[in-house]
Amino acid sequence: MIRSEKKNALDMTSIEELAAICRFLNSNCEINATILTGENGVFSAGGDITAWGELSPDQFSNTWLREGNRAFDALAQLRQPLLAVLNGSTYGGGLELAACADLRIAEDSCTLGQPETSIGVVAGWSGTQRLVRRFGSQAVRRMLLGGEVFSAKNAERLGLVDYVVPTGEGLSHAMSIAYQVCERSSVASQVAKCMINAAEREGAENAIDMLSGRLVALEHALKEGISAFKEKSAPRY
């Protein structure tokens, strides 16, 4: 994460950078695992209110929310397994960001919450959709409706995070898991992730396209069709 002086709060520039990073990762066949974390003891304070607080309703919905959701969807649907290291406060859009990961490692100083309703807004980057699918509705109700903030240990009990480690050890723990990921078949891991996402209704249509495209690409018919097209001849299937 960037913008440590702003508690890694997200603005439009960082949203655009996140989308660009996802495009790079998806196009790089040599990267088989990715890690997302924050700086200076904060994972992310969420969306920067100075970036969206003065937007018109149209700008807020059609730019801020739409572009944020596109970037977060791309992150959740990365071909590589994604690990998030929650190294401190993880609130609002920061928790929505963490929910895009396949696994979450929280340092024991981490706290998690969704304070959006306290300032008259709702979680707009799939905080009521992806979070419910991945964590269950009651934990999300407790945060959004009741204003509860969870410690790392309570978050682990509720399934919001997968591992809790001592402060300062999150990245090394994530690296050890990433090494385990990379020891497995990258293709099998990517397909498995895609299928799990589809089961959670995370980009199911994209999963069908990706898996069917990979299957067809293995067939002789595709090479024959491309060759015939280039030679302007009839393909022999």
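Begin by selecting Glu-202 and Arg-133: the two form a salt bridge whose closest N and O atoms are 3.4 Å apart. A salt bridge here is a side-chain nitrogen of Lys or Arg within 4 Å of a carboxyl oxygen of Asp or Glu. Glu-202 belongs to the loop between α9 and α10, whereas Arg-133 belongs to helix α5, so the pair ties together parts that are 69 residues apart in sequence. The helices (DSSP runs of H or I, at least four residues) and strands (runs of E, at least two) are numbered from the N terminus.

The model on display is predicted: local features need pLDDT of at least 70, side-chain atom pairs count only at pLDDT 80 or more, and totals for chains, interfaces and linings use all residues. Residues are numbered from 1 along each chain as its sequence is written, and side-chain values use heavy atoms, with hydrogens and water left out.

**Around Glu-202**

Keep Glu-202 selected and colour the residues by accessibility. Buried denotes under 20% relative accessible area, exposed over 50%, and partly exposed in between (1.4 Å probe, protein chains only). Glu-202 counts as buried because its relative accessibility is 4%, while Arg-133, at 25%, counts as partly exposed.

**A pair within one helix**

Move to helix α7 (residues 152-158) and select Glu-156 and Lys-153, which are 3 residues apart and separated by about one helical turn. A salt bridge joins Glu-156 to Lys-153, with 4.0 Å between the closest N and O atoms. Glu-156 is partly exposed, with a relative accessible area of 31%, and Lys-153 is partly exposed at 46%.

Now widen the selection to Asp-73, Arg-130, Arg-133, Arg-134, Glu-200 and Glu-202, which salt bridges with shared partners join into one network. How many salt bridges does a search of the whole structure find? The search finds 9.

**Two residues with positive phi**

Most residues other than glycine have a negative phi. Select Asn-40, in the loop between β1 (34-37) and β2 (42-44). Although Asn-40 is not a glycine, its phi is positive, at about 60 degrees. Asn-40 is exposed, with a relative accessible area of 64%.

Then go to Arg-201, in the loop between α9 (186-199) and α10 (204-217). Arg-201 is a residue other than glycine, and its phi is a positive value near 60 degrees. Is Arg-201 buried or exposed? At 59% relative accessibility, Arg-201 counts as exposed.

**The cysteines**

Finish with the cysteine sulfur atoms. A disulfide is a pair of these atoms within 2.5 Å, and by this rule the count comes to 0 disulfides. Cys-100 is in no disulfide, and the nearest cysteine sulfur to it, that of Cys-22, is 8.3 Å away. Cys-100 counts as buried, at 0% relative accessibility. Cys-194 counts as buried, with 12% relative accessibility.
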